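Hi,

Here is the two-chain model I promised to send over. Have a look at it first, and then read my notes below.

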Amino acid sequence: MTGFRAILMRDLRLALRQGMDSAMVVMFFVIAVVLFPLGVGPEPNVLARIAPGVLWVAALLSVLLSLERLFHTDFEDGSLELLALSPPALEVVVLAKVLAHWLITGLPLIVAAPVLAVLLNMPADGFALLLLALLLGTPTLSLIGAVGAALILGSRRGGVLLALLILPLFIPVLIFGVGAVEAAIGGFPARAPLLLLGAIFAGALALCPWGAAAGLRQALE
Amino acid sequence: MFTYFANPRRFMKLATVLSPWLAGATVVLAAAGLYLGLFASPADYQQGETVRIMYVHVPAAWMSLFCYVGLAISAAVGLIWKHPVADVAARATAPIGACFTFLALLTGSLWGKPMWGAWWVWDARLTSVLVLFFLYLGYMALNSAFDDPQRGSKASAILAMVGLVNVPIIKFSVDWWNTLHQPASIVRMDGPTIHPAMLWPLFLMIGAFTAYYLWVLMLRMRRELTETRLRARRQIQAEEAGA
């Protein structure tokens, strides 16, 4: 347990000292969302119709951009090898880093989402569900992304390759996340998509640390 | 037998012996299947002659799933037991499976336009097969993204195993969601619902596609194993010339 806390605190401290990391992710989220009204036109009905989807896709892409760095700096300067040799299991290390990643990137996205939803004229019924769905979905995205980030360590075309690998695996989270928000907007019970989001999160929480740790071991050989 | 064929030379011998038989099986099964499917089987009472696309679409879709499971299993064997020929098999299967998936999507689209009125719909079956196509492409991309080929094989093996979760989703998507794609009519608890006059050509075409896949797989694996031997031989020559 102390190993988990130590790695979590280390990553958080590093990120907060940097400062720019989470700010850049939120800025990308904002700019990506702002592009849509500029592209499809400012008509409120159209924007309201596409708001949940646009917010989720932009959140997905923002998480994707920040994932490449998850293990990269530690891999480059050798601390990943030390972490692999240290007492906490590599799976615990992965969990700690993923939690730190979510706190740094996922939480700011969740905070920024309602503001952007107002910009996209999303109906008021959807706001609470948007927050709840993002709260369940963004940790899942960090977990699945961690597997991808571990697999591309040392590869030639890291960032683009990560997108190609991870985005198909993000699709279920996207479908159910948008489904939950649109159910709330339409007045239907959002229980089913939320339960499925929770199930995917539980599955990812159980399985992704093992996948990512296996990937890290490959990279360190 | 598992460890017997871990020796690439022995596997090459097996592949060379099997290849002409597989080619012959492909031709015979395809000829029989196409004759029965295109001429000797009845037209559908609802769809008319358009139903005959089924004899290409269903085998292609079946092979796309079969190849992916084969890919994941070979990759896992290569990763867990470090079986050298398994890695080669996985790498050789990926492009074939990707082509089958693309063919399934293409023929499905050609079938959908007259039947559903749309080239493409975003229902569960079509979307999950599209995701399967992306998984194939991602596997191939990750495999070739590293300077060290061993690292590439291992990383893409993990990706292939992670993507296995998509296969039951594809199979059961027509049951779990309200889809435009028709529900299962062959692999069902109550048995097939297709009349034997259409079922037999379908099975013959599936057999033909499987024989074709195995034939091309043998060809690709022989090519890669031969390339490896050539490279090793050239390296020895270069070292001897330098010494």
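This is a predicted model: local features need pLDDT of at least 70, side-chain atom pairs count only at pLDDT 80 or more; totals for chains, interfaces and linings use all residues.

**Helix pairs and the rest**

Residues are numbered from 1 along each chain as its sequence is written, with chains lettered from A and ligands numbered from 1 in the order in which they are written.

Back to that pair. Helix α8 of chain A covers residues 158–186 and helix α9 of chain A covers residues 191–220; their axes come within 8 Å and cross at roughly 150°. The axes are lines fitted to C-alpha atoms, for helices over the stretch in contact, and the angles run from 0 to 180 degrees between N-to-C directions. Helices here are DSSP runs of H or I with at least four residues, strands are runs of E with at least two, and both are numbered from the N terminus. The α8(A)/α9(A) crossing is left-handed, i.e. the near helix is turned anticlockwise from the far one by less than a right angle (clockwise would be right-handed).

Who does the touching? On the α8(A) side there are A:Pro172, A:Val173, A:Phe176, A:Gly177, A:Gly179, A:Ala180 and A:Ala183, and they meet A:Pro193, A:Leu194, A:Leu196, A:Leu197 and A:Ile200 of α9(A). Contact means that the C-beta atoms of two residues, placed from the backbone, lie within 7 Å. Sorted by class, the residues of this α8(A)–α9(A) contact are ten nonpolar, two polar and no charged. The classes go like this: Ala, Val, Leu, Ile, Met, Phe, Trp, Tyr, Cys and Pro are nonpolar, Asp, Glu, Lys and Arg are charged, and the others, Gly among them, are polar.

One residue of α8 in chain A that I looked at separately is A:Gly158. With 16 C-beta neighbours inside 10 Å, A:Gly158 counts as partly exposed; the cut-offs are 20 or more other C-beta atoms within 10 Å for buried, 12 or fewer for exposed, and partly exposed in between, with C-beta atoms placed from the backbone. Apart from neighbours within four places in sequence, A:Gly158 is in contact with A:Glu68 and A:Ile152. From A:Gly158 to A:Val173 it's 15 residues in sequence and 23 Å in space, C-alpha to C-alpha.

As a whole, chain A has nine helices and zero strands. Its C-alpha trace spans about 55 × 35 × 30 Å along the principal axes. A compact globule of 221 residues would have a radius of gyration near 17 Å, and the 18 Å of chain A agrees with that; the radius is taken over C-alpha atoms, and the rule is 2.2 Å times the number of residues to the power 0.38. Buried residues are 47% of the 221 in chain A. Among chain A contacts between residues at least 6 apart in sequence, 81% join residues at least 24 apart.

Now chain B, which has seven helices and zero strands. The C-alpha trace of chain B spans about 75 × 35 × 30 Å along its principal axes, and 38% of its 243 residues count as buried.

The pair to look at in chain B is helix α4 (residues 124–143) and helix α5 (residues 149–163), which pack at an angle of about 165° with axes 8 Å apart. That makes α4(B) and α5(B) roughly antiparallel too, but α4(B) passes α5(B) in a right-handed crossing. The α4(B) side of the contact includes B:Leu135 and B:Tyr139, and the α5(B) side includes B:Ser153 and B:Leu159. By class, this contact has six nonpolar, six polar and no charged residues.

B:Asp87 sits in helix α3 (residues 84–116) of chain B. It is buried, with 24 other C-beta atoms within 10 Å. Leaving aside neighbours within four places in sequence, B:Asp87 is in contact with B:Gly78 and B:Ser153.

Finally, the two chains touch: 15 residues from chain B and 15 residues from chain A make the contact. On the chain B side, α4(B) gives the most, with seven residues. That side has twelve nonpolar, one polar and two charged residues.

Cheers

How values were computed: Angles under 35 degrees count as roughly parallel, over 145 as roughly antiparallel, 65 to 115 as roughly perpendicular and the rest as oblique.
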